[in-house]
Amino acid sequence: MVGIENLILKRNTKGHQMNIPIYRAKKIDSDKYIQGYLLGMWGEYFISWGETNHVPNKVQIDPTTLAIHFEDILDSEGNKIFSSLSDSGKGGDIVEYNTKKEVVKYSLGTIQTYMFRFEDLIDLEVKVIGIQE
């Protein structure tokens, strides 16, 4: 798995615009997936989606299901594509293209499936059809 500590949201103190990725993971206490920003505290990981009275709205997640979405990485229908951060592909989107089905992963700084880097799939009709369990 990619070092989660390196992917956690860090505040930009200089006020510059940042393209912050969105994360998705399964809630620790259910089978429901949740999207938002990644927070790490005391060795546990959370997805946050805002704050109430300066306190983050957050849910603890199963880090083995963590996936990342970079801005503008969309399927042919405009749906976000999430790349698993796990070697097993768990939590990543299953995409279909040319009758093939593959799991999208993020590895070594590249979004890829088993056979292709994502850049190679740009010209194909890629459709998200599920989440790898």
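First, the conventions. Residues are numbered from 1 along each chain as its sequence is written, and side-chain values use heavy atoms, with hydrogens and water left out. Because the model is predicted, local features need pLDDT of at least 70 and side-chain atom pairs count only at pLDDT 80 or more, while totals for chains, interfaces and linings use all residues.

Let me start with confidence. pLDDT is the predictor's confidence in each residue, on a scale from 0 to 100. The mean for the protein is 82, and 83% of its residues reach 70 or more. A contact here means heavy atoms within 4.5 Å. Where pLDDT is low, the predicted coordinates should not be read in detail.

Next, the overall make-up. The secondary structure comes to 0 helices and 11 strands. Both kinds of element are DSSP runs numbered from the N terminus: helices are H or I with at least four residues, strands are E with at least two. Of the 133 residues, 37% are buried. Buried means under 20% relative accessible area, exposed means over 50%, and partly exposed lies in between, with a 1.4 Å probe and protein chains only. The protein exposes about 8300 Å², and carbon and sulfur atoms supply 49% of that. Those areas come from the Shrake-Rupley method with a 1.4 Å probe; for residues, only the protein chains shown count as cover. Among contacts between residues at least 6 apart in sequence, 46% join residues at least 24 apart.

Now the open sheet. It has 3 strands in the order S8-S7-S11, with antiparallel pairing. Strand S8 (100-103) and strand S11 (127-131) stand at the edges with a single partner strand each, so one side of each is left without a neighbour in the sheet. From one strand to the next, the twist averages 30°. For that angle, axes are lines fitted to C-alpha atoms (for helices, over the stretch in contact), and angles run from 0 to 180 degrees between N-to-C directions. Two strands count as paired if DSSP finds at least two bridges between them.

Strand S7 (residues 93-97) pairs with S11 over 4 bridges, in the antiparallel sense. Asp93 stands opposite Ile131 in S11. S7 and S8 are also joined by 4 bridges and run antiparallel; Tyr97 has Lys100 in S8 as its bridge partner. These two strands form a hairpin with 2 residues between them.

On to the turns. Most residues other than glycine have a negative phi, and most peptide bonds are trans. Asn98, in the loop between S7 and S8, has a positive phi of about 45° although it is not a glycine. Is Asn98 buried or exposed? Asn98 is exposed, at a relative accessible area of 52%.

Last, the core. A nonpolar core is a set of buried Ala, Val, Leu, Ile, Met, Phe, Trp, Tyr and Cys residues joined through side-chain atoms within 4.5 Å. The largest one has 19 residues, and those with the most contacts inside it include Tyr23, Leu38, Ile61 and Leu85. The elements giving two or more residues to this core are S1, strand S2 (33-41), strand S3 (44-52) and S7.

Where does Ile61 sit? Ile61 is in the loop between S4 and strand S5 (67-69), yet Ile61 is buried, with a relative accessible area of 1%. Not counting residues up to four places away in sequence, Ile61 touches Ala25, Ile34, Leu38, Ile47 and Leu66, among others. Ile61 and Glu44 are 17 residues apart in sequence and 8.1 Å apart in space, C-alpha to C-alpha.
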